[in-house]
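The exercises below are meant to be worked with the sequence and the model side by side. Try each task before reading its solution.

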Amino acid sequence: MTGHVLEFLGETKLELGPVGDADGNWRTGRDDAGVLWLVLDKQNTGMNTISQDVIRELDQHITAAEADLPKALVIRSAKSAGFAAGADISGFDEMSDEGAVELLHQAHNVLDRIEALNCPTICVIHGAALGAGFEIALACDYRIATPGASFGFPEVQLGLHPGLGGTFRLPALIGASDAMTMMLTGKTAHTQRAESQGIVDVVVEERHVAATIDAIVSGEIDKHEPGLTSRAFGFDQARSLAARQMRSQTEKQAPKQHYPAPYALIDLWENHGDDRKAMQQGEIESFAELLKTETSKNLRRVFFLRQTLKEAGRGDDGISHVHILGAGAMGAEIAAMAAIKGKSVTLSDIEPEPLGRAIKKAGEICKDKHLSATETRDALDRLMPDPHSYGLAHADLVIEAATERQDLKEEIYEGLRGKLKTGAILASNTSSLSIADLTAFAPSKIHFAGLHFFNPVSHIDLIEVVKAEATSDQTAQRLAAFCGAIGKLPARVKDYPGFVVNRALVPYMLEAMVLMDEGVSKDVIDTAALRFGMPMGPVTLADQVGLDVGLQVAESLSKSLRTPMPPISDDLRRKVEAGDLGKKTGTGFYDWSDGTPHPDADLNDAPDDLTDRLILPMLNACVEVLREGVAQDADQIDAAMIFATGWAPFRGGPMHYAKQRGVDEITAKLHALQKAHGPRFAPDEGWSSLA
């Protein structure tokens, strides 16, 4: 076939020679200069992942290159979404059952042969190169990045470490300290940092990629050489000292008993960091063993829970202009995220000062999200302070983010009558008020729903899309699609006190306060929760949320639910009355002047039932909302709790944990707690259907 043309990002056009053709997951061919192009274009997907088929086909292409050596080899992606999102995780279960070690050896062999080719090998990266995609790039001699490219090893989030040579190629390239930090944290190196670290050799605009490849082939661009720090860790004593420090730092974020992968990586590097061959064999064997761990299985489950919510957020939302009522902490962050993701946003408030703070906050979020100067300018241009609410008449979606007071929200909705365009959606960011009760005051019942964001919006991905009986299916679907459009995960739930997340979370926080009233210290309580695997203890969480907000939600649920809640602590009420509201005022149950508390107390004298008193009420509430049909299924509950609260992800979610621990054991424990502490621990009747 002649005249085979590939176009990249609408700028670079490549006409390949006679062998150019679509061949499986790779498009291949040689250009007029004798350069062999291998262009990854995985079938039936919008983003490349590295599967066994992709590696097997790559093997065939490298074999052909070895037989007929090109002037240079260029690997890049045909997908506009980026280079590659990592390994195809859907094949991991099968891989662990069918001899992972052999499959990994085969993949390593392919990348080793790319590395050994007797011609320049060049990887061109736009967008993300993650996991196995990053490892393919590392096997090449040169890496060219376009602005916006990013690199990372997120395997630790799956209970794994890099498995296709990343554990030895990245340290050899940028030094062990930076490389181990990337692998242990899963953090991404964006374009500028990747260039400064030496991950990429050149950063150019897409229109200059072809010229840069020519320069490499002509010998005009030198390869990156590691610095002295890379060689320093060739000594056993230096690695051992660094490894001890790594374990100490890792233990603070990911305890070994829950997350074995980081420690397996540290051991591997400490033992074999000066011996590539041993490191390679150790990487393969360690990766294969980690695949079998419960932690990795559960974290892979969490990955697919995320994918399911992403799917729920696909589609056209029909929303280009968003107006937000209320420029407080929540409204400001909602506005920023919508503007960053391309929505036109107007933001109003009854006072001018919050509007100024909101614009400043938006700039901070842009920086935190690694937006370029141009991207930041464009996002801020889309975000308009609107003290007189002129944007209301043009908005496709109006989000009310006012204070959590029924009378105030009713007044706001009454004032919107006749001001919204036909078909506009009104959504409330309420965290505890009944959507059904609010609907009575909405200008259009079918176009009204709850849109419950979590604080901080810029960091927490989940949004509960709350459908009242009067809400139309189309409205709920458009709101779910809006969540997807702004990079969030929608959980479509029914109207119910606390919806899903707060219904489960509030008993956790209130029970902690009951325990404090009984004389158990806050540090002991929070430490018990942290050691179970929660990202934050319940007392710290209450301070983080805001004690005033927590009190409002607790009072609302206590009035609305038929099932009993833990009693509301007098100490909580006193702190709210005194204005000690937690993190936002600097003092709550903790002093926040030195940052987020990190309790680490001795649990030897803690009550024997301490952890179960905190955790089992959450499980009981999850079973209740499943029985009531608030959530669509148990998986959605697990996803909501993990992505809104960080609920012990290595356990796979509260419902999954309940099934793994055993329904009979949990209900027996709840009965025992009920006998000891009262009816709030009575097992929900829904447990019987899970047995």
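The structure shown is a predicted model.

**Exercise 1.** Classify aspartate 112 as buried, partly exposed or exposed from its relative accessibility.

*Solution.* The relative accessibility of aspartate 112 is 23%. Since buried requires a value under 20% and exposed a value over 50%, aspartate 112 counts as partly exposed.

**Exercise 2.** Find the partner with which aspartate 112 forms a salt bridge, and describe where the two residues lie.

*Solution.* The partner is arginine 276, and the closest N and O atoms of this pair are 3.5 Å apart.

**Exercise 3.** Determine how helices H5 and H12 are oriented to each other, and which residues bring them into contact.

*Solution.* Two packed helices are described by the angle between their axes and by the distance between those axes. For H5 (residues 166-174) and H12 (residues 276-291) the angle is about 140 degrees, and the axes are 8 Å apart. Because an angle must be over 145 degrees to count as roughly antiparallel, and 65 to 115 degrees to count as roughly perpendicular, H5 and H12 are oblique to each other. On the H5 side the contact involves Gly166, Thr167, Phe168 and Arg169, which meet Arg276, Met279, Gln280 and Glu283 of H12. Sorted by class, this contact has two nonpolar, three polar and three charged residues.

**Exercise 4.** Work out which parts of the chain are tied together by the salt bridge between arginine 247 and aspartate 267.

*Solution.* In this salt bridge the closest N and O atoms are 2.8 Å apart. Arginine 247 is found in helix H10 (residues 236-253) and aspartate 267 in helix H11 (residues 260-272), so the pair ties together parts that are 20 residues apart in sequence. Arginine 247 is partly exposed, at a relative accessible area of 23%, and aspartate 267 is partly exposed as well, at 29%.

Conventions:
Residues are numbered from 1 along each chain as its sequence is written. This is a predicted model: local features need pLDDT of at least 70, side-chain atom pairs count only at pLDDT 80 or more; totals for chains, interfaces and linings use all residues. Side-chain values use heavy atoms; hydrogens and water are left out. Axes are lines fitted to C-alpha atoms, for helices over the stretch in contact, and angles run from 0 to 180 degrees between N-to-C directions. Helices (H or I, at least four residues) and strands (E, at least two) are DSSP runs, numbered from the N terminus. Angles under 35 degrees count as roughly parallel, over 145 as roughly antiparallel, 65 to 115 as roughly perpendicular and the rest as oblique. Contact means heavy atoms within 4.5 Å. Ala, Val, Leu, Ile, Met, Phe, Trp, Tyr, Cys and Pro count as nonpolar, Asp, Glu, Lys and Arg as charged, and the others, Gly among them, as polar. A salt bridge is a side-chain nitrogen of Lys or Arg within 4 Å of a carboxyl oxygen of Asp or Glu. Buried means under 20% relative accessible area, exposed over 50%, partly exposed in between (1.4 Å probe, protein chains only).
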